[in-house]
Amino acid sequence: MKYVLEDPVRNRFFHLGEAEHTFFKLLDGERTIAQAVHHLAASHPARAWNVSQALSFVGWLFEQQLLTSSATVDQRAVRERTDKLEEQSHNQQHNVLSFQ
């Protein structure tokens with residue numbers, strides 16, 4: 001299922017998949033990102049995300065000005081951390097041991 005998120009201030013529309021929509025709804029100002037990741041995993045195991053995926057999505061929301069925070073957010077630091085986590089995840093997936 002696809003969802004449409006409207007930004008009426010900028011007259012823009014964004015298409016979200018099921019996982020993105022569910023995670024977005026969890027960002028209610030009460031939960032931390034980690035809590036939202038755990039809640040998504042518990043309530044929708046087939047749509048579970050890791051922290052890297054969640055941070056990437058949150059970074060995208062900030063870039064699109066669809067998310068605000070009362071905390072001071074260094075978007076560059078969030079993006080760099082997300083990139084580093086994605087690289088580590090990629091390296092772990094492709095780390096092949098060979099036995100002779």
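Helices (H or I, at least four residues) and strands (E, at least two) are DSSP runs, numbered from the N terminus. The structure is a predicted model, in which local features need pLDDT of at least 70 and side-chain atom pairs count only at pLDDT 80 or more, while totals for chains, interfaces and linings use all residues. Residues are numbered from 1 along each chain as its sequence is written, and side-chain values use heavy atoms, with hydrogens and water left out.

**View 1. Order of the elements along the chain.** The chain holds four helices and two strands, which follow the pattern β-β-α-α-α-α when read along the sequence.

**View 2. Crossing of helices α1 and α3.** The axes (lines fitted to C-alpha atoms over the stretch in contact, with angles from 0 to 180 degrees between N-to-C directions) of α1 (residues 18–26) and α3 (residues 51–63) come within 11 Å and cross at roughly 75°. The two helices are therefore roughly perpendicular, a term that covers angles of 65 to 115 degrees. Their contact (heavy atoms within 4.5 Å) is made by Glu20, Phe23 and Phe24 of α1 together with Ala54, Phe57, Val58 and Leu61 of α3.

**View 3. Surroundings of Phe23.** Leaving aside residues up to four places away in sequence, Phe23 touches Ile33, Ala36, Val37, Leu40, Trp49, Ala54, Phe57 and Val58.

Key. Parallel < 35°, antiparallel > 145°, perpendicular 65-115°, else oblique.
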